Amino acid sequence: MAIGRNRWLPHVVLLIGVAIFAFPIYLAFVGSSHDASTIARGDMPLTIGPHLIENYQQALVSPVGMRVRATPALTMMRNSLYMALAIVVGKIAISLLSAFAVVFFEFPGRMFFFWMIFITLMLPVEVRMIPTYAVVSNLGMVDTFAGLTIPLIASATATLLFRQHFLTIPDELVDASQIDGAGAMRFFWSVLLPLSRNNVAALFVIMFIYGWNQYLWPLIVTTGRGRETIVIGIVRMIGTGEAQTDWQLIMAVAMLALVPPVAIIILMQRWFVKGLVDAEK
Amino acid sequence: MRRRTIFRNKLLPYLLLTPQLAITIIFFFYPAAQALYQSMLFEDPFGLRTQFVWFENFQTVLSSPLYLEAARVTLVFSVAVTLGAMAPALLLAVMADQVLRGATGYRTLIVWPYAIAPAVAAVLMLFIFHPTIGQIGQGLRALGVPWDYRIHGGQALFLVIFVSAWKQVSYNFLFFLAGLQSIPKTIVEAAAIDGASPTRRFWRVIFPLLSPTTFFLLVVNIIYAFFDTFGVIHAQTQGGPGRATTTLMYRLYRDGWVNLDLGGSSAQSVLLMAAVIGLTVIQFRYIERRVHY
Amino acid sequence: MRMRLFHRSLIAILAAILAFGTTANAQPVEVEFWHGFTGTLGELLEGYVAEFNESQTAYQVNPSYKGSYPDTMVAAIAAFRAGNAPHLVQMFEVGTATMMNAGGAIKPVYELFEETGVDVDMDIYIPAIAGYYSDADGRMLSMPFNSSTPIMWVNLDALRAAGLDPATTPLETWADVRTAAKAVVDAGAAPCGVSFAWPSWTQFENFSAWHDVPLATLENGMGGLGTELTINSPLHVAHLQMLIDMQAEGSFTYGGRTSAADPLFSSGECSMLVASSGLLARILRESTFEWSARYMPYHAEAEGAPQNSIIGGASLWVMQAPNRTVEEYRAVAEFFAFISSLEMAERWHLDTGYLPIRFGVYEKLEAEGYYVENPGRAVPYQQLTLNPPTENSRGLRLGNMPEIRDIIYEEIELAFQGQKTAQQALDSAVERGNVVLRNFQRTYE
C-alpha cells in the first residue's frame, strides 16, 4: 500500500503544522514571564523567566506598568464574558423562537419573514457600522451593555440551523403531543427543546467564540473606562507598538484573552466541529 | 419544504418572530436603508447642512485613485489570505486523513487557533515580528534582511497576510478533513488498483470530489479576508506605512469614523454590501445545487 | 430628515417634562464634560473638576473620558446628531476648524460669557494661544486649556560620546543638527542621530510658522474657507529632500506617525528628537542621561526664521442641544471662570508641564527662580513668544485637518521609502489636501 510506504510522512507534516501554530503562543507565554527591560533590550531567551506569577497577578488586578495603564484584566474578562454570554443566549433564544414559528406554523407572510431573516447574512456589521452606530446613538445606547450586545444578537445562521433541525423532527411527535392536548408552547418546551440540546451546545461554542472575539463593534461603541472587552483592551494597550512598552503585561493579558475561547473549543470539540460543519452547510 | 402537521394559531407565530424581526429591522434594515440614503447626501459632520447629490458620492469614490488603490490592496490581500489559509489546510487535512491512529489528537492540536481573535493574534505576532525585540524580527535582521514592517510597505502587507492566514487555517482544515472523510474509501481503493500514483490519485480523483467544499471555503475565506481581518490591520499597521495595508474595509473605517466623511463612507458601505450580496448569491446558488445532487 | 425632526420633537417634549421636574427641586445644575485624557492627566483633570464641585453647591460638572481626542470628537458629534450633546467637550487643536464652522452646534465662549453675564477676561491669554482659538474679529470661540509646542530634545551624553562639547557645539540650524547627528551616528554614540514625532505638526505646521512661511493661503485658512495648501514651496521641498538625504547617510531616522517616535529619545536610541514640550514628564521619569531642551532647528537661508512656534493640544468647546437652559450655560461659564484663574493655570502648568497659557504665570514663576531649577520648562514658552505672531505663525484653521495630516503622513512615508521624490510627494500632498479642503468648503457654503 502506498500509505504504508509513507508511514512517517503524515506525522512529520502534521507535527510541523502543529509547531507553526503553537510556537507563537509559546513565545507569547515566554514573553509574559520576563520583565520589561529584558524584553525591551531584545534579550528575551526561549525559556520561561522568573516573573511569571507576578506578571499575571499584575495583569489581572492592576496592569499599570511604566508605560501602560489599562483596566484590570479581571474586569475586562468579566466584560467579555458578559458580552459573549448575552450574545450567545440572545442569539439562541430568538433563533429558536423564530425557527419554531417558521417550521411549525402556517401563517400569511411566513416565507417573507423567513427571507427577511435569511438576508441579514448579507449585511455584516462592518459594512453598516456607521448607520448602526447612529441608530444606537439615537436610542441612547452608546456605551451601554444593551448597545454593545443587542445589535449583534440577530442571527440568520442560528435560525437556519434550527430550521434544518426542526424539519427532521418526525411528524408523529407533533401529532402525539397534539393528541395529548398540549399547546404549541408546551410542545416547544417539553419536546422540541430537549431534542435540540446538541444543536444548542454546538451553537453555544461557535457563538461564544464569535461574541468573545468581537472587535469593530465594541471598538466604536464602548468608550467608558473599565467597560472595554479584553480584545479591545489589549489593542489599546499596545498603542503604537513600540519596543519600550510593558510587553510582559501585554503578553500576559493576551494569554488571558485567548485562554477562555481556546479552552471551550478544546473541551467542547465534539459539539464545536458538529456545529461548525452543520451551521455552514 | 413544508411539514404536514402544523399548529393552528393566528397570533402566536407573529409573537414568536417578533424579537428576531424587531432586531433585524432596527439594526439591519433601517441602518442599511440609512446607508443607502446617506450615500446620496453631501453633509457636514454635525448634520447641519445637507445637500442631496444623487450618485455624486459614488462617482467620487469610484474615480478616486486612492479607492482603486485600496481595491487593489484588497485584491492582493484577499487572494493571498485565501490561498495562504486554504493550501496548508488542505495539506494538513490530507495528512490527517491518512493517519489511522491519532487523527482526533491532531485535530485537537490544529483546531484551537480558530478560537483566537484576529486582533489578539495580531498582537501576538507583533511581539514576535517586532524588528528590535521580536524573536523572528531579530532573526530576520541577523540574516541580513532589512526587516521593519513600520517602514517597508511590502513587509507590512506580508505580515498582515501571514497573521490573517495563520488564524484561518484551522477553520479550513476542519472542513477539508470532514470532506475527505466523507469520500467513500472504495473510490480511492479502486483508483489505487488502477495503479495510479498517490499524487495522481489525489488530483484526479480526490480533489474533484472535494470541489464543493473547496468552493464553499473559497467564498467564506474571501468574506473573512474582506471583513474579519479588520482587527489585524487596525492593531498592526493602521493601514500604513503609506497606504500599503489600506484595504477597502480599512478605508471605510477611516473615511467614516476618523475623517467623518459620511456621504463618501456610506457610498463605500453600499459598494461593499453589493459585493457581499454578490458573493452570498454565488454561495447560495451553489448550496442549492448541492442540495439537489 | 423627517425621522430626525420627529426625534427632535420627541426629545424636546421629554426635555420639557424633565426640565419642569428639575426646576421644582433644588438640585445642582449638572454639566456633562467629555474629555480625552487617560492616565495621570485624566486623574489630574478630574481632580480639578472635583474641586470645582466642592467649591460651591449650585453646579455640578460630571467629567467622563471618551477615548482619544479623535474618539472624543466623533462621540460628541454623534451625540449632537442624536440631540444629546454634552455641554462641554475637550477638542484637539486640529478639530478647531470643524468646530468653528459648526454654527448651530456650538456656542462660542464670548457669546457664552455675554449671555450669562459671567465675567471672565479673555485678554489674559497670550497671543499665540488666543489667536489660535479666536475668529477673524478676535473673539474667543473656545476656552484654551492644555497647550504644548514642539521643541528639540538633546541627549548631551550622546554628543559627548561623539566627541562634541555640548557647550560649544551649535545646534541652532538644521545644518548644525545634521553635522552633530552625523557625528553621533558615525561615532556609534547612538543608533539614530535625529528624529521627530508628530510629523505633520512638527515638520509642516510648526516648521512653516517657525520659518514665517505660509502652510496654506488666506492666512493659513484663518481668512476664509477658500484656502489652499502651500507645502510644496521650495523651502518645504528642500527640507524634505534634506531629510531624505540624511536618511540615506544614516543621520536621520523616520520614527512613524503621531507620537510613535516619542520613546526614541528617552530610550537613548535617538540623540536628538523634535517633539512636544509635553514629553518632559516622561523624559524626567525614564531617561538615564543628561539632556537639554532647545529651540527647534531652522534653515539659516530662510529669511524669516526663527519666528515663533505654534501650539498643539486641546481647548474646551461648549456645545448646544435642543433642551439647553440658561442655567446650564451659566454653570459652564462658572466652571470656566474657576479653571481660568491665575492659581489654577499655574497649578496646571506645574502639574502637567503644559504651557502657561495666560499672562502672569510665567512671569511669576520666573521671578521665583522656578525656571532656573527646571531648565526644560522655560524653552517652550520662550519659543512660542519669541516674536509677535505674523499671519503665518498665528495658527491655522484648515477644515478636516485630521485627514490632511494623514495625507501628509502617507506622502512623506512614500518619499522616505524612495517611491516618490520630495517634490512629487509634496505636490501630491497639496493636490490631495486641496480636494479635502474643497469638500469642506463646499459643505459650508
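Guide: A nonpolar core is a set of buried Ala, Val, Leu, Ile, Met, Phe, Trp, Tyr and Cys residues joined through C-beta atoms within 7 Å, and a residue is buried if 20 or more other C-beta atoms, placed from the backbone, lie within 10 Å of its own. The model is predicted, with local features needing pLDDT of at least 70 and side-chain atom pairs counting only at pLDDT 80 or more, while totals for chains, interfaces and linings use all residues. Residues are numbered from 1 along each chain as its sequence is written, and chains are lettered from A and ligands numbered from 1 in the order in which they are written.

Visitor: Which residue of chain B does B:V123 touch, leaving out residues up to four places away in sequence?

Guide: Two residues touch, or are in contact, if their C-beta atoms, placed from the backbone, lie within 7 Å. The partners of B:V123 include A:I234, A:V235, A:I238, A:I250 and A:A254 from chain A, and from chain B there is B:A235.

Visitor: How far apart do the C-alpha centres of domain 1 and domain 2 of chain C lie?

Guide: The domain assignment, which is automatic or from a database, gives domain 1 as 2–148 + 312–367 and domain 2 as 150–309 + 389–444. The C-alpha trace of chain C as a whole spans about 75 × 50 × 35 Å along its principal axes. Within chain C, the centres of the two domains are separated by 31 Å.

Visitor: Which element gives the most to the side of domain 1 of chain C that touches domain 2 of chain C?

Guide: The contact between these domains takes 17 residues from domain 1 and 20 residues from domain 2 of chain C. Helices here are DSSP runs of H or I with at least four residues, numbered from the N terminus, and both α6 (127–130) and α4 (96–100) of chain C supply at least two residues of that side of domain 1. With 4 residues, the one that gives the most is α4(C).

Visitor: What percentage of the 445 residues in chain C is buried?

Guide: Judged by the count of neighbouring C-beta atoms given at the start, the buried residues of chain C come to 52%.

Conventions. Buried ≥ 20, exposed ≤ 12 C-beta atoms within 10 Å, placed from the backbone.
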